[in-house]
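Hi everyone, thanks for having me. I'd like to walk you through one structure, picking out a few residues as we go.

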Amino acid sequence: MTDRASARAAKSALSARLATVPGVVGVGLARRDSGYVVKVDLADPGVASRVPGDVDGVRVVTEVVGVVRAL
């Protein structure tokens, strides 16, 4: 089980790594049965191969949400 503090640290590290990757539209935390995971929102599924499966022992999940635009 991953606690919130560990997930936040992993999120910060991953956000920095993915900052320049086109197609990554968001990085956040999500609650799962086993605690917290880092959730990466993508514009298209082709970007998923550039996202690691875990960071510092914290599981990373991806979701294709499409392009994000301001209202």
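**A lysine, a core and a valine**

Let's start with Lys39, which sits in strand β2. Keep in mind that what you're looking at is a predicted model. So who does Lys39 pair up with through polar contacts? Its side chain makes one with the side chain of Asp41, at 2.6 Å. There's another to the side chain of Glu63, and that one is 3.1 Å. If we skip residues up to four places away in sequence, Lys39 touches Gly26, Val27, Gly28, Ala30, Val61 and Glu63.

Okay, on to the core. The largest nonpolar core has 15 residues, and the members touching the most others are Leu14, Leu18, Val24, Val40 and Val60.

Leaving out neighbours within four places in sequence, Leu18 is in contact with Val24, Val27, Val40, Arg50 and Val51.

You'll find Val51 in the loop between β2 and β3 (54-55). Is Val51 buried or exposed? Its relative accessible area is 11%, and the cut-off for buried is under 20%, so Val51 counts as buried. Along the sequence, Val51 and Leu18 are 33 residues apart, yet their C-alpha atoms are 7.9 Å apart in space. Besides Leu18, Val51 touches Val40, Leu42, Val60 and Thr62, again not counting residues up to four places away in sequence.

Conventions: Residues are numbered from 1 along each chain as its sequence is written. This is a predicted model: local features need pLDDT of at least 70, side-chain atom pairs count only at pLDDT 80 or more; totals for chains, interfaces and linings use all residues. Side-chain values use heavy atoms; hydrogens and water are left out. A nonpolar core is a set of buried Ala, Val, Leu, Ile, Met, Phe, Trp, Tyr and Cys residues joined through side-chain atoms within 4.5 Å. Buried means under 20% relative accessible area, exposed over 50%, partly exposed in between (1.4 Å probe, protein chains only). Contact means heavy atoms within 4.5 Å. Helices (H or I, at least four residues) and strands (E, at least two) are DSSP runs, numbered from the N terminus. A polar contact is a pair of N or O atoms within 3.5 Å; within protein, one must be able to donate a hydrogen and the other to accept it, and residues adjacent in sequence count only if both atoms are side-chain atoms.
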